Amino acid sequence: MILEIISDSAKFVHFLGFALGIGAGSFGDFSILQKLNRQITEHDLAALDIVHRIVWVGVGLLWVSGLSLLYMRTGFQLNEFTAKLFIKLAVVSVLTVNAVLMGMVAMPILKRNTGKAFLEFSLEDKAVLSLFAAVSICSWMSGLMLGIFSALKPAELQMIAPMIAFMYFSALFVAMQIAVLLHVIWERRQISGSRLIATAS
């Protein structure tokens, strides 16, 4: 009975961590999208800093509850691990590294570009931020998929790993294409503006 209560509590904390992480992460990505043509302000940065902290809380809860559930189910014996468990650990590890780099790289980029719209960022800054967003979205979606689809539980590593790898590759490829497209749009807008000024002169 006690073990069941502990297990259910750990599951609740795990779902809570996931909800906080995916909710805050999605809100942060959406907030940046809203700034395509609007300047990023100090207020926006403060809000994104809070969002980043909430993501960290979510990731922390995932680790604490996940490792607790893992111990109860396997005793940390590797031969008891399924392919799904290995992939879930890998995905949460990617989320953790991404969260660290968001604080070290992405937030300084946003601070450096305060007062600019996202379209005005350099191509490098657009690409870096787009890649972070892609990794975040893909990781949370992968975690959701692994948690929901029971059909993946008995699946072999040779099946799950390529599928998840393809998802990440596709997300990163699309993110780069979007970053380049947005930069092209900005450059053409600048050229058009310069021509209008020249014509008016």
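The second largest pocket is lined by 35 residues. D29, L129, F132, A133 and A134 lie nearest its centre. Two or more residues of this lining come from each of α1, α2, α3, α4 and α5 (157-200). The volume of the second largest pocket is about 670 Å³. By class, its lining holds 27 nonpolar, 7 polar and 1 charged residues.

The model is predicted: local features need pLDDT of at least 70, side-chain atom pairs count only at pLDDT 80 or more, and totals for chains, interfaces and linings use all residues. Residues are numbered from 1 along each chain as its sequence is written, and side-chain values use heavy atoms, with hydrogens and water left out.

Some terms need their cut-offs. A pocket is an open set of points on a 1 Å grid over the protein atoms alone, where a 1.4 Å probe fits and protein lies on both sides within 12 Å along at least five of seven lines. Lining residues have an atom within 4 Å of a point. Grid points are joined across faces, edges and corners, and a volume is the space filled by probe spheres set on the points. Ala, Val, Leu, Ile, Met, Phe, Trp, Tyr, Cys and Pro count as nonpolar; Asp, Glu, Lys and Arg count as charged; the others, Gly among them, count as polar.

**The largest pocket**

About 840 Å³ of space lies in the largest pocket. Its lining has 29 residues, and H14, R73, L85, K88 and G147 are the closest to its centre. α1, α2, α3 and α4 (123-148) each supply at least two residues of this lining. The most comes from α2, with 8 residues. The lining of the largest pocket divides into 16 nonpolar, 7 polar and 6 charged residues.

**The chain**

The chain has 5 helices and 0 strands. Its pattern along the sequence is α-α-α-α-α. Helices (H or I, at least four residues) and strands (E, at least two) are DSSP runs, numbered from the N terminus. The C-alpha trace spans about 80 × 35 × 25 Å along its principal axes. The chain has 201 residues, and 37% of them count as buried. Buried means under 20% relative accessible area, exposed means over 50%, and partly exposed lies in between (1.4 Å probe, protein chains only).

**Salt bridges**

The count comes to 2 salt bridges. A salt bridge is a side-chain nitrogen of Lys or Arg within 4 Å of a carboxyl oxygen of Asp or Glu.

| Pair | Closest N and O atoms |
|---|---|
| R53 and D49 | 3.1 Å |
| R112 and D125 | 3.0 Å |

R112 lies in helix α3 and D125 in helix α4, so this pair ties together parts that are 13 residues apart in sequence. R112 is exposed, at 52% relative accessibility. D125 is buried, with a relative accessible area of 7%.

R53 and D49 both lie in helix α2, 4 residues apart, about one turn of the helix. R53 counts as exposed because its relative accessible area is 55%. D49 is partly exposed, at 30% relative accessibility.

**A nonpolar surface patch**

I2, L3, I6, L67, Y71, M72 and F76 make a nonpolar surface patch of about 710 Å². Patches are made of residues with over 30% relative accessible area and no salt bridge; like charges are joined within 9 Å, and nonpolar side chains (Val, Leu, Ile, Met, Phe, Trp, Tyr) within 5 Å. Accessible areas come from the Shrake-Rupley method with a 1.4 Å probe, and for residues only the protein chains shown count as cover. α1 (2-33) and α2 (42-74) each supply at least two residues of the patch.

F76 is found in the loop between α2 and α3 (83-112). F76 counts as partly exposed because its relative accessibility is 43%. Its phi is near 60°, a positive value in a residue other than glycine. Most residues other than glycine have a negative phi.

**One more residue**

F15 has its place in helix α1. F15 is exposed, with a relative accessible area of 60%. F15 and L61 are 46 residues apart in sequence. In space, F15 and L61 are 8.9 Å apart, C-alpha to C-alpha.
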